[in-house]
Amino acid sequence: MPEAPYDLLSGDAAVRKLVDRFYDLMDDVPEFFVIRKLHPADLSGSRNKLYMFLSGWLGGPQLYTDKYGHPMLRARHLPFAIGLAERDAWLNCMKQAMQDCEVEAGLRMGLLDSLFKTADWMRNKEG
Ligand code: HEM
């Protein structure tokens with residue numbers, strides 16, 4: 001069986017590091033304010049949930065599902081207006097985080113390709 005992205009990334013600490021970098025960038029980089037402003041002032045809950053979700057999504061332990069049940073991601077994002085700008089900011093923020101964490105280029109491109117589909121599916125407003 002091919003190795004799961006979770007193992008290729010090298011496991012739990014790497015997923016945590018990636019998510020921390022993602023939210024640090026969202027907090028610091030003006031380009032990402034368009035999505036930062038949708039999040040709570042304190043990002044610790046967001047950090048934890050995305051870390052738990054990605055652990056399972058990458059083929060590792062299903063931390064999010066074990067604790068919260070089915071993610072219902074589209075429904076959970078409906079309270080936030082998400083269009084093209086928000087989708088692209090999210091993806092660019094993740095791309096930058098992966099680069100900063102030195103995720104290997106082939107793996108990075110594959111993951112971003114899959115994340116594009118998930119992020120695009122989250123769009124709930126025109127434009
Ligand atoms: C398309 C652009 C996106 C925007 C603007 C966005 C924004 C948000 C916001 C504002 C929250 C609430 C944060 C909180 O309650 O602390 C959230 C939660 C979450 N997002 Fe996103 N998100 C996007 C895409 C994604 C994608 C692509 C994924 C998964 C790969 C994802 C996974 C999650 C998860 C797991 C949660 C926590 C859900 C919960 O249990 O409440 N998001 N997102």
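Me: Why is Arg47 called buried?

Reply: Arg47 has a relative accessible area of 17%. Buried means under 20% relative accessible area, exposed over 50%, and partly exposed in between, with a 1.4 Å probe and protein chains only. Arg47 is therefore classed as buried. The model is predicted, so local features need pLDDT of at least 70 and side-chain atom pairs count only at pLDDT 80 or more, while totals for chains, interfaces and linings use all residues. Residues are numbered from 1 along each chain as its sequence is written, and side-chain values use heavy atoms, with hydrogens and water left out.

Me: Where in the fold is Arg47 found, and which residues is Arg47 in contact with, leaving aside its neighbours within four places in sequence?

Reply: Arg47 lies in helix H4, residues 44-57. Helices (H or I, at least four residues) and strands (E, at least two) are DSSP runs numbered from the N terminus. With those neighbours set aside, Arg47 is in contact with Arg16, Val19, Asp20, Tyr23 and Asp24; contact means heavy atoms within 4.5 Å.

Me: How many disulfides does the count come to?

Reply: The count is zero. A disulfide is a pair of cysteine sulfur atoms within 2.5 Å. For Cys93, the nearest cysteine sulfur is that of Cys101, 11 Å away, and Cys93 is in no disulfide. Cys101 is likewise in no disulfide, its nearest cysteine sulfur being that of Cys93.

Me: What makes Cys93 and Cys101 count as buried?

Reply: Cys93 has a relative accessible area of 0%, so Cys93 is buried. Cys101 stands at 16% relative accessibility and therefore also counts as buried. Of the 127 residues in the protein, buried ones make up 39%.

Me: What makes the protein as compact as a globular protein of its length?

Reply: The protein has eight helices and zero strands. Its radius of gyration is 14 Å, close to the 14 Å that the globule rule gives for 127 residues, so the protein is as compact as a globular protein of that length. The radius is taken over C-alpha atoms, and the rule is 2.2 Å times the number of residues to the power 0.38. Along the principal axes, the C-alpha atoms fill a box of roughly 40 × 30 × 25 Å.

Me: How many of the contacts between residues at least 6 apart in sequence join residues at least 24 apart?

Reply: Among those contacts in the protein, 69% do.
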